[in-house]
Amino acid sequence: MDGSVVGGAARSVDRSGGVPPTGDTIQIGIAVDIPEPWGAQLTRRRVEAGDPLAVPAHVTLLGPTEIRTANLPAVEQHLAAVAAAHLPFTLHLRGTGTFRPVTQVVFVAVAAGISECELLAAAIAAAPGLHRELRFPYHPHVTVAQDVAPEALDKVYEDLADFSAMFEVDAFTLFSHSGQARWQPRRDFCLGD
């Protein structure tokens with residue numbers, strides 16, 4: 001596929017409640033949500049580790065990126081085209097990994113679906129206005145502890161070493177953050193539509 005949207009628009013689900021963003025800029029992020037029952041389990045483990053950033057479990061496709069609010073419709077159009085050009089895929093999460101000593105992060109590893117996540121992330125980042133400097137190369141994973149005591153990192157690493165989940169990814173989600181509230185889902189983009 002050429003990345004264009006056949007028939008005018010890819011199927012997406014607006015989760016913003018019709019609330020338009022306010023201000024000149026907005027923070028966005030794009031991720032694959034981890035479905036239940038695994039999402040709640042991984043989020044709970046992150047909270048139990050004492051992680052102050054215990055957001056719901058996800059695989060990041062585009063980390064926090066500030067854009068002009070006026071550019072949001074063009075970004076959403078680009079995301080619809082990206083979603084239409086990529087087919088659903090199976091994601092297998094298995095075992096734990098860590099980025100220590102470089103960063104204090106423990107994660108659940110992506111065992112299958114790595115290349116699909118990499119292709120989605122690259123296509124999303126190719127949108128005009130979405131360029132951001134990366135500190136590290138893209139590595140799909142699910143963070144389960146970050147910037148907590150070493151003992152807490154070790155415990156999560158050990159407790160989830162046998163973790164395994166396999167599920168179909170048929171969409172990704174655009175999140176936004178106004179700076180006043182937590183990250184909020186704005187729109188789901190269905191793959192292959």
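Which residues have the most contacts inside the largest nonpolar core? I looked this up before anything else.

**Entry 1: ground rules.** I'm working with a predicted model, where local features need pLDDT of at least 70, side-chain atom pairs count only at pLDDT 80 or more, and totals for chains, interfaces and linings use all residues. Residues are numbered from 1 along each chain as its sequence is written, and side-chain values use heavy atoms, with hydrogens and water left out.

**Entry 2: the core.** The largest nonpolar core has 46 residues. Ile-28, Leu-42, Leu-91, Leu-93, Ile-124 and Phe-172 have the most contacts inside it. Helix 2 (residues 72-84) gives the most to this core, with six residues. My note on the term: a nonpolar core is a set of buried Ala, Val, Leu, Ile, Met, Phe, Trp, Tyr and Cys residues joined through side-chain atoms within 4.5 Å. Buried means under 20% relative accessible area, exposed over 50%, and partly exposed in between, with a 1.4 Å probe and protein chains only. In soluble globular proteins, nonpolar side chains tend to be buried together.

**Entry 3: Ile-28.** I listed what Ile-28 touches, leaving aside its neighbours within four places in sequence.

**Entry 4: the whole chain.** I counted four helices and nine strands, in the order β-β-α-β-α-β-β-α-β-α-β-β-β along the sequence. These are DSSP runs numbered from the N terminus: helices are H or I with at least four residues, strands are E with at least two. Of the 193 residues, 44% are buried. For contacts with a separation of 6 or more, 77% join residues 24 or more positions apart. The chain exposes about 10200 Å², and carbon and sulfur atoms supply 55% of that; the areas come from the Shrake-Rupley method with a 1.4 Å probe, and for residues only the protein chains shown count as cover.

**Entry 5: helix 3.** I checked the length of helix 3 (residues 114-125): its twelve residues should span 16 Å at 1.5 Å a residue, and its end C-alpha atoms are 16 Å apart, which agrees. The expected span is 1.5 Å times one less than the number of residues. Which of its residues are buried? They are Cys-117, Leu-120, Ala-121, Ala-123 and Ile-124. They cover an arc of only 165 degrees around the axis, which puts them on the same side of helix 3; the arc is that of the directions from the helix axis to the C-beta atoms. Leu-119 and Ala-122 are exposed on the other side. The buried residues pack against strand 2 (25-33), strand 3 (58-68), helix 2, strand 4 (89-98) and strand 8.

**Entry 6: strands 8 and 9.** Strand 8 (residues 171-177) pairs with strand 9 in the antiparallel sense over six bridges; pairing takes at least two DSSP bridges between two strands. Phe-175 has Pro-185 in strand 9 as its bridge partner. Why is strand 9 (residues 184-190) largely enclosed by the rest of the structure? Because five of its seven residues are buried.

**Entry 7: Ala-80.** Ala-80 lies in helix 2 and counts as buried, at 11% relative accessibility.

**Entry 8: two loop spots.** The peptide bond from Glu-36 to Pro-37 is cis, with omega near 5 degrees. Pro-37 sits in the loop between strand 2 and helix 1 (38-48). Asp-147 isn't glycine, yet its phi is positive, near 55 degrees. I found Asp-147 in the loop between strand 6 (141-146) and helix 4 (150-159), and it counts as exposed at 53% relative accessibility.

Technical notes:
Contact = heavy atoms within 4.5 Å.
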